[in-house]
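Here are my notes on this one, as numbered points. Have the model open while you read.

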Amino acid sequence: MKKKILALILAFACVAGTLSAVTAVEQPVTIEAATKKKAPSISKVYSAVKKAYGDKYVPNSRITKKEDIKSRYGISASWYSSVIAEVPMINVNIDELVIVKAKNTSSKKKIKSALLAYQKKLKEDTFQYPANQLKLQASRVYVKGDYVCFFTLGSISNEQAQQKDESKVIDAYKAENEKAVKAIQKLYK
């Protein structure tokens, strides 16, 4: 009889220990899974940015060939899993959106460097229309998660554009590019 009671107590202790171990293991995983949000797809990022500008979104010509992405931006196809790049059909406008999903951390750094070099080249291009120079100064390279983006988006009022203080015009264009940043950040909340 004592052996049966001892066996039952041991069995109960084992079951209780197993349950508490399972509970202890499951709780952190459940909490982590609940707080960690999945990264948005590139199409969701693109849609969010485009929606942020509404009918003032100008880029309407998509660059789809890997060779064209490489020659225009210096981004190798081996660095990314997906890309969306849009420019305006009319070259008087400089509005441009580039969203690149990097394959890994190393690729992300290479993509960022390539887009920064592209941005620098645009800023130094003396053949740009004078009205576009200030907008280019406000262009933005932005990194969030696996995405590296380049923005030259938005429009400002004629009153803002004709200010004598160029830094205020650049700030107004920077505020326009910030719309894209905020749209992407919302996807991660």
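1. Is Ile-111 buried or exposed? Ile-111 counts as buried, because its relative accessibility is 0% (buried means under 20% relative accessible area, exposed over 50%, partly exposed in between, with a 1.4 Å probe and protein chains only). You'll find Ile-111 in helix α4. Val-100 is 11 residues from Ile-111 in sequence, and their C-alpha atoms are 7.8 Å apart.

2. A word on what we're looking at. This is a predicted model, in which local features need pLDDT of at least 70 and side-chain atom pairs count only at pLDDT 80 or more, while totals for chains, interfaces and linings use all residues. Residues are numbered from 1 along each chain as its sequence is written, and side-chain values use heavy atoms, with hydrogens and water left out.

3. Now the overall layout. The protein has 7 helices and 5 strands (helices are DSSP runs of H or I with at least four residues, strands are runs of E with at least two, both numbered from the N terminus). Reading from the N terminus, the order of elements is α-α-β-α-β-β-α-α-β-β-α-α. Of the 189 residues in the protein, 34% are buried.

4. Next, a helix pair. Two packed helices are described by the angle between their axes and the distance between the axes. Here, helix α2 (residues 42-53) and helix α7 (residues 166-187) have axes that come within 9 Å and cross at roughly 140° (axes are lines fitted to C-alpha atoms, for helices over the stretch in contact, and angles run from 0 to 180 degrees between N-to-C directions). That makes α2 oblique to α7 (under 35 degrees counts as roughly parallel, over 145 as roughly antiparallel, 65 to 115 as roughly perpendicular, and the rest as oblique).

5. Staying with α7, have a look at two of its residues. Lys-182 sits in helix α7 and counts as partly exposed because its relative accessibility is 48%. Lys-182 and Ala-52 are 130 residues apart in sequence, yet their C-alpha atoms are 8.7 Å apart in space. Tyr-173 is also in helix α7, but Tyr-173 is buried, with a relative accessible area of 11%. From Tyr-173 to Gln-160, 13 residues away along the chain, the C-alpha separation is 9.4 Å.

6. On to charges: how many salt bridges does a search of the whole structure find? There are 5 (a salt bridge is a side-chain nitrogen of Lys or Arg within 4 Å of a carboxyl oxygen of Asp or Glu). One of them joins the side chains of Glu-96 and Arg-72, at 3.3 Å from N to O. Glu-96 lies in strand β3 and Arg-72 in helix α3 (residues 66-73), so this pair ties together parts that are 24 residues apart in sequence. Glu-96 is buried at 3% relative accessibility, whereas Arg-72 is partly exposed at 34%.

7. Asp-95 has a salt bridge as well, with Lys-135, and their closest N and O atoms are 2.5 Å apart. Asp-95 lies in the loop between β2 and β3 and Lys-135 in helix α5, so the pair ties together parts 40 residues apart in sequence. Both Asp-95 and Lys-135 are buried.

8. A further salt bridge to check is between the side chains of Arg-140 and Glu-178, at 2.9 Å from N to O. This pair links distant parts of the chain, with Arg-140 in strand β4 (residues 140-144) and Glu-178 in helix α7, 38 residues apart. Arg-140 is partly exposed, with a relative accessible area of 29%, and Glu-178 is partly exposed too, at 28%.

9. Finally, the surface. Which residues form a nonpolar patch there? Met-89, Ile-90, Val-92 and Tyr-129 do, with about 430 Å² of accessible area together (areas come from the Shrake-Rupley method with a 1.4 Å probe, and for residues only the protein chains shown count as cover). Patches are made of residues with over 30% relative accessible area and no salt bridge, joining like charges within 9 Å and nonpolar side chains (Val, Leu, Ile, Met, Phe, Trp, Tyr) within 5 Å. Ile-90 is in the loop between β2 (80-87) and β3 (96-102) and counts as exposed at 55% relative accessibility. Tyr-129 is in the loop between α4 (105-124) and α5 (130-137) and counts as partly exposed at 43%.
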